[in-house]
Amino acid sequence: MKSLLLTVIISLIYCGATAQKNVIDSTIIDNWMSVSNGTISNDGNYVTYTQRKGRTGHAELVIKNLSNKKELVIAGGDMVKFTDNSHILVVRLKDSIGLVSLKDFSIHYVDNLKESRVFSKDNHEYLIYKKNNDSLFVKSIEDVTIIKLGKVRNYWTSENGERIVLLKPTQDSTVYSLSIFDLNKGTEQLIWNGEGSDVSNLVISPGNKHYAFLLPNNLHQVFYYADGMSKAIPIIDDQTPGIDARFNISGIKGFSGDSEHLFFTIIDKELPKPLANSVLVDVYSYKDEQLQSLQLMEKRRRDYVLVYNFIDKEIIRLQYENEHIDLNPGEGNERPGIINNRIGDPFEQSWNPLALNNIFLIDVFNGKRIKLQLYDNIGFSPDRTYMVGMDSLSKDYFTYNLLTHQLNNITASLPIPLEDSALKFTQDTRQISIPGWLPNNTGVLVNDRYDIWLADPNGMRQPVCITDGFGRSNNITFRIIGRCWMGNRVIDPSEPIILNAFNHFTKDNGFYSVKIGKPGSLRKLTIGPYIYDVEDVVLGGMSPLKAKYSKRYLVLRNSATESPNYYYTDDFISFSKISNVNPEETCRWEKTRLISWRTPEGKLLQGVLHLPGSFDSTKKYPIIFHYYERMSDELNRFQVPGYTYGLLNIPWFVSRDYLVFTPDIDYEIGYPGRSALRAVESAADYLSKFPWIDTTKMGLQGHSFSGFETNYIITHSNRFAAAVAGSSLSDFISDYNSIMGGGQSRQFFFEDSQNRIGATLWERPDLYIENSPVLFADKVTTPLLLMSNKDDGIVPFTQGMEMFLSLRRLQKKVWLLQYDGEGHHVLIPKNTIDYTRRMTQFFDHYLKGAPEPRWMRDGIPAKMKGIDGGF
């Protein structure tokens with residue numbers, strides 16, 4: 001009954017044949033129109049976006065007045081900035097700047113520019129630009145005032161725009177001078193000059209009264225100037241006490257907020273060099289903190305941070321070997337910094353104690369440290385009163401009060417599962433994150449996989465779910481709009497908060513609103529079969545952009561049948577379209593249907609069926625099963641047409657009258673191959689019930705991890721007529737002890753990551769045998785096209801070759817493509833086109849009965865490589 005119903009639905013929708021349209025080919029791909037880089041003015045009345053033909057083709061800047069619908073198109077334009085009052089738009093062209101009056105779209109051009117930038121002073125914008133003859137000018141964007149500053153080698157502007165530091169050469173460029181131009185007073189003061197020297201890496205203090213710069217001479221001198229001094233003076237160099245003789249000064253990071261400290265970096269003078277006539281041998285030892293292969297990859301000169309105290313004239317080193325430091329010079333709250341200390345390879349942290357990330361809180365003025373029991377996702381509250389981070393073992397989040405030194409677990413009492421087996425080994429299984437803080441640190445917001453909670457940073461009050469648990473009970477993920485790393489933003493609780501929402505069952509996306517502190521205030525604004533903005537899944541989208549002085553937002557929307565286009569909204573209920581690119585209307589486009597079915601074990605799975613726009617239920621169609629983890633969330637995602645560089649480009653094949661089905665795979669730890677087989681076979685069983693599926697013409701395509709799954713499926717099933725596996729594993733045993741291109745061991749992939757064995761080779765050798773397709777190659781009846789490249793730094797080339805050699809020895813139908821200069825994916829355009837062409841010919845032959853191309857029938861002799869493609 002269900003089969004009949006779906007057939008009737010599809011027949012009703014598709015039997016009315018559409019007008020003949022073009023198959024997607026290179027012409028359509030090269031001329032595909034798309035929009036990007038959308039922005040909105042502060043008053044919300046103007047929008048700009050880039051409209052581009054092809055991936056790298058001709059681009060236009062489109063400017064629209066949302067009130068009167070007028071628009072201006074500037075070929076080759078690149079939007080720079082709206083003025084704060086929304087009167088002028090600054091547009092960058094090839095060698096000029098256009099100042100667009102938003103009132104009437106008239107343009108004033110500043111031509112023959114070498115470089116330019118916009119800066120603000122007293123809420124007014126200025127354009128500073130250098131002509132091709134190196135003459136520097138400052139122009140008020142709002143009026144005709146222009147200040148000529150002479151020829152310069154380089155220049156720097158202060159944060160508030162009041163000061164401009166000028167590096168000027170003499171006519172023969174043998175002597176340079178450094179001067180400060182005061183934009184308020186119109187005066188220029190010389191602070192330094194030197195013969196044969198250049199100036200690099202100049203920094204200005206937050207109050208614009210202190211300056212430091214580096215001379216890249218033999219001593220690497222750092223000079224300092226402050227208001228009231230007659231000239232800049234050297235304060236430190238390579239020979240200053242506190243700087244190890246093995247290092248040179250390499251750069252200046254900035255002043256502290258009080259300007260009493262200067263942060264700078266040093267670098268190794270040189271790396272150790274092998275002795276003459278020495279034996280070059282890598283000695284691997286079980287005591288090595290890191291594998292020799294990884295050490296050799298990381299063998300390079302490195303920078304380390306130090307701090308100079310102007311009062312004590314003292315230098316303190318803050319950063320050492322194997323450390324990363326996080327500080328914010330000039331912010332005024334930089335004193336607590338973070339040191340990440342990790343000696344070993346992070347991929348070994350499940351068994352190697354040296355691979356754990358040790359977190360220290362460091363006083364960046366005196367170097368004193370406090371070790372914290374936090375390991376991952378470290379951040380601060382906006383005012384840096386609290387540090388927040390995750391314990392990698394419990395997956396709980398903790399706050400650390402920098403004033404009281406109190407550590408508080410803020411998520412232990414969240415009534416959510418400690419682990420989601422569906423996410424194990426591929427994501428943080430609890431999916432906890434921090435989206436923001438309330439004013440004065442009165443609360444910290446916490447995301448779980450579905451809902452949003454208000455927690456007490458001091459751990460005294462129980463967390464409160466501001467989304468009322470609606471997300472988890474309805475399989476919807478809520479997130480506050482506007483992505484923010486580690487929640488370093490203040491959320492105003494007096495205003496309704498706009499949330500993006502993604503329904504994991506229906507795949508609908510949209511927006512809700514909620515008021516913090518008001519239970520039951522969660523309100524649906526809009527949700528439907530579109531992609532607006534989705535976090536925590538691969539769909540992406542664009543976070544809505546709010547006008548600074550208006551409640552208007554710019555959003556990007558797309559669907560399976562509609563290209564991404566810009567809209568504006570004032571309420572997230574109604575949306576007005578701004579851009580209008582619809583290239584899909586010119587070609588054979590697809591439609592999608594969400595399919596749900598049960599495996600023989602009773603597990604409910606979902607997948608997306610991609611059908612041609614001209615689908616005719618009275619015909620039979622070949623079908624390609626394409627999979628990678630969970631792809632059903634992409635039901636409403638617009639699939640941009642192109643060539644296949646790894647994962648299958650679905651529109652390319654659907655336009656050629658293939659059906660493509662993307663089933664989700666539900667994984668059982670230890671049995672990734674069997675899990676894929678179970679999902680794909682049960683999907684094939686379900687779809688085989690429909691008369692428009694040609695059950696003798698079913699194909700498989702996978703890449704990387706799903707390439708392994710392809711190899712596994714064809715060694716355990718004979719129902720598929722053709723298969724393509726790119727950059728695929730074939731032997732879990734040999735790959736377990738292989739080395740990645742970056743020097744790391746691949747063991748972690750099996751023990752703790754995507755390969756999902758969950759045990760070492762010696763703990764469960766049976767699982768490694770079970771998941772090694774090469775050991776079952778004699779069972780293969782499906783013709784196989786492999787793609788594996790010698791420069792692949794993720795899956796070794798030998799994995800593809802093992803599968804090829806095994807099938808060749810067994811006299812099975814197998815081909816292997818190896819592209820010079822390519823890695824895990826085929827990215828060089830000519831190679832991507834070639835790979836897509838060969839894959840298409842392969843499927844056309846086995847799934848459509850097309851003639852076998854010569855490269856498949858006869859092969860190509862090695863001596864003809866690059867001469868004869870065999871087409």
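Reader: How do the residues of the lining of the largest cavity divide into nonpolar, polar and charged?

Author: This is a predicted model. The lining of its largest cavity consists of Asp345, Phe347, Glu348, Trp351, Ser745, Gln747 and Phe748. Phe and Trp count as nonpolar, and Asp and Glu as charged. The division is therefore three nonpolar, two polar and two charged.

Reader: What volume does the largest cavity have?

Author: The structure holds one cavity of 30 Å³ or more. The volume of the largest cavity is about 50 Å³.

Reader: How many salt bridges does the count come to?

Author: Side chains of opposite charge can pair when their charged atoms come close. The cut-off used is a side-chain nitrogen of Lys or Arg within 4 Å of a carboxyl oxygen of Asp or Glu. By this rule the number of salt bridges is 32.

Reader: How many residues apart in sequence are the parts that the pair of Asp448 and Arg472 ties together?

Author: A salt bridge joins the side chains of Asp448 and Arg472 at 3.7 Å, N to O. Asp448 lies in the loop between β34 (444–447) and β35 (452–455), whereas Arg472 lies in helix α4 (residues 470–474). The pair therefore ties together parts whose separation in sequence is 24 residues.

Reader: Which relative accessible area does Asp448 have, and which does Arg472 have?

Author: Buried means under 20%, and partly exposed lies between that and 50%. Asp448 is buried, with a value of 0%. Arg472 is partly exposed, and its relative accessible area is 31%.

Reader: By about how much of the helix are Asp834 and Arg838 separated?

Author: The side chains of Asp834 and Arg838 meet in a salt bridge of 2.7 Å, N to O, and both residues are buried. They are four residues apart in helix α12 (residues 829–848), so the separation is about one helical turn.

Reader: Which residues are linked in a network of salt bridges?

Author: A salt bridge needs Lys or Arg on one side and Asp or Glu on the other. The network of salt bridges links Glu115, Arg117 and Lys130.

Conventions: Residues are numbered from 1 along each chain as its sequence is written. This is a predicted model: local features need pLDDT of at least 70, side-chain atom pairs count only at pLDDT 80 or more; totals for chains, interfaces and linings use all residues. Side-chain values use heavy atoms; hydrogens and water are left out. On a 1 Å grid over the protein atoms alone, a cavity is a set of points where a 1.4 Å probe fits but cannot get out, and a pocket is an open set with protein on both sides within 12 Å along at least five of seven lines; lining residues have an atom within 4 Å of a point. Grid points are joined across faces, edges and corners, and a volume is the space filled by probe spheres set on the points. Helices (H or I, at least four residues) and strands (E, at least two) are DSSP runs, numbered from the N terminus. Buried means under 20% relative accessible area, exposed over 50%, partly exposed in between (1.4 Å probe, protein chains only).
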